[in-house]
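Hello,

Here is the structure I said I would pass on. My notes on it follow below.

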Amino acid sequence: MEAYINMVLLTLLAIVTLTIVRQRNLFSVVVLFGVYSFLMASVMIVLDAVDVALTEAAVGAGISTVVLIGTLHITGSEEMRPSRLALLPIVTAAATGAILIWGTYDLPEFGKADVPINTHVAPFYLEQSIPLMGVPNVVTTILANFRSFDTLGETTVIFTAGLGIMLLLRHKSRKEASKILKKDVVFRVIIKLIIPFIMLFAFYVHFHGDYSPGGGFQAGVMLAGAVILYSIIFGAHEAQRVVPQSVAAFMIPLGVLIYAATGAISFIYGQNYMDYTALASYPKDAHHLGIILIELGVLITVASTMLSIFYAFVERRH
Amino acid sequence: MDILERIALHYNYVIMIFLMISGLYIVIAKGNMVKKLVGLSLFQTSVYLLYISPAKIIGGTAPILDEKYKIYSNPLPHVLMLTAIVVGVATIALGLALVARIHEAYGTIEEDAILENDTKNPDQDNVSGEDQ
């Protein structure tokens, strides 16, 4: 059954992709890309990757769409008809596809447990997550503990990208924000009612991330999403009275520093970097505390970066 | 029959490759830079599928431990892709910021028009310079 649902969703994904390729109106492309992200999130749920699905739905369909539409507002939304014939790209893409499909013949079949990817390190993580840390969500334990070096690197990449965007798009503020939606009573009331619940859900996803799908990455995107939603309805100027741009910019490095400092505490106790056992007297508590601190750093950096990206694009509009 | 069976067992890979080459095609063939970045995103999301598909175990459940379940899908690719998605949107946004600046400097985001502009005025500095 799982395999069939998976196949149907994947077919839909392929159809949407084909439409994205053919569509010339960029606004439609962006909306279709949102549909694509939701479909991808559904596929991820069927494939048991619930944490990934949550992230893809919040990031792919939420933040990406907002940033893409923000760009289209600056650049215009019609794609020019290409002057040259598209024969060479088609041949290149088809040839690449043929070679890759030929390559998949040696890959293991779908859904098997006894294939190399599922037999080496994964069983160790699944068995040791509760005895070592007492955290049932294995994705969280790998992210924030077993492989916390990776996550530190990724948080730094997000920080760097946010920095780059702010440097590229700084200083062009314009006072009058778009007030088209502000007059719409239905939007205004509904959004005001919904935003507290979005934030509550974001905090639930963050603090309950040890026991259910979620964590700092997803919650950070959701928190930023709540402020972005407010900004869309009431104007960026109003939103910046709630969360000023300078505060968001200050929080980006703060999160990375919390993360890196949590790892560095072990140095004082003469242990390796990111060895959480220094944080508390009992190892299980120490690991749990380490995970909480690191997820907090991730939450702060992700939320403030997403918000800063949004502010940067809104401020840049002509 | 043999081929059909093979395709059914490798369906995820087939679709993944289709998404990937669609992204590749957009990046090569389309001149519009926003469209190119959407193509890049397509390429990227196909990689998520490449990683997550083999991690699935039929009859298994999501890797959140509970006494009621014995079989769990592989959590490691989930972690790798989860962070990749957030990093992905940050880098795509960086690309879009560059596109916005290119539009301010050239007045267009079509590759052909920009190249034409550069060949016509090779010495002219195109940056409008409102930041300086």
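**Notes on the model**

The loop in question runs between H12 and H13 of chain A. The phi of A:Met274 is near 70°, a positive value in a residue other than glycine.

Please keep in mind that this is a predicted model. Chain A has an average pLDDT of 87, and 94% of the residues score at least 70. Within chain A, confidence is highest in helix H2 (residues 26-46), at a mean of 94, and lowest in helix H11 (residues 236-242), at 85. Where pLDDT is low, the predicted coordinates should not be read in detail.

**Chain A overall**

Chain A contains 13 helices and zero strands. Its C-alpha atoms fill a box of roughly 60 × 55 × 35 Å along the principal axes. Of its 318 residues, 43% count as buried. Taking contacts in chain A between residues at least 6 apart in sequence, 71% join residues at least 24 apart.

Is A:Asp48 buried or exposed? A:Asp48 counts as buried because 25 other C-beta atoms lie within 10 Å, and the cut-off for buried is 20 or more.

Helix H12 (residues 245-268) has 24 residues and reaches 35 Å from its first C-alpha to its last, close to the 34 Å expected at 1.5 Å a residue. There is a kink of about 30° in H12(A), centred on A:Thr262. A:Thr262 is itself buried, and the buried residues of H12(A) also include A:Ala248, A:Ile252, A:Val256 and A:Tyr259. An α-helix has 3.6 residues a turn, so residues three or four places apart point the same way. H8 and H13 of chain A are among the elements that cover the buried residues of H12(A). After H12(A) comes A:Gly270, with a positive phi near 70°.

H13(A) has 33 residues, which should span 48 Å at 1.5 Å a residue; its end C-alpha atoms are 48 Å apart, so the two agree. H13(A) is mostly covered, with 24 of its 33 residues buried.

**Helix H7 of chain A**

How many of the nine residues of helix H7 (residues 138-146) of chain A are buried? The count is nine of nine. Among them are A:Val138, A:Ile142, A:Leu143, A:Asn145 and A:Phe146. The cover over H7(A) includes helices H3 (50-75), H6 (122-133), H8 (148-168) and H13 (283-315) of chain A, together with H4 of chain B.

**Two residues in helices**

A:Gly216 is in helix H10 (residues 216-234) of chain A. A:Gly216 is buried, with 30 other C-beta atoms within 10 Å. Leaving aside neighbours within four places in sequence, A:Gly216 is in contact with A:His206, A:Glu295, A:Leu296, A:Val298, A:Leu299 and A:Val302. The C-alpha atoms of A:Gly216 and A:Val298 are separated by 5.3 Å, although the two residues are 82 residues apart along the chain.

A:Ile20 is in helix H1 (residues 2-22) of chain A. A:Ile20 is buried, with 25 other C-beta atoms within 10 Å. Beyond four places in sequence, the contacts of A:Ile20 are A:Val29, A:Leu32, A:Phe33, A:Tyr36, B:Val38 and B:Leu42. From A:Ile20 to A:Lys192 the distance is 34 Å, C-alpha to C-alpha, and 172 residues in sequence.

**Between the chains**

The contact takes 87 residues from chain A and 71 residues from chain B. On the side of chain A that touches chain B, H3(A) gives the most, with 15 residues. By class, that side has 57 nonpolar, 21 polar and nine charged residues.

The largest nonpolar core has 129 residues, of which A:Leu13, A:Val221, B:Val86 and B:Ala93 touch the most other members. Helix H4 (residues 76-106) of chain B gives the most to this core, with 17 residues. Not counting residues up to four places away in sequence, A:Leu13 touches A:Tyr36, A:Leu39, A:Met40, A:Val43, B:Ile15 and B:Leu19.

Regards

Note on methods: Residues numbered from 1 in each chain as written. Chains lettered and ligands numbered in written order. Predicted model: local features only at pLDDT ≥ 70, side-chain atom pairs only at ≥ 80, totals over all residues. Core = buried A, V, L, I, M, F, W, Y, C linked by C-beta atoms within 7 Å. Buried ≥ 20, exposed ≤ 12 C-beta atoms within 10 Å, placed from the backbone. Helix = DSSP H or I, 4+ residues; strand = E, 2+ residues; numbered from the N terminus. Contact = placed C-beta atoms within 7 Å. Nonpolar A, V, L, I, M, F, W, Y, C, P; charged D, E, K, R; others polar. pLDDT = per-residue confidence, 0-100. Expected span 1.5 Å × (residues − 1). Bend = angle between axes of the 7 residues up to and from the residue.
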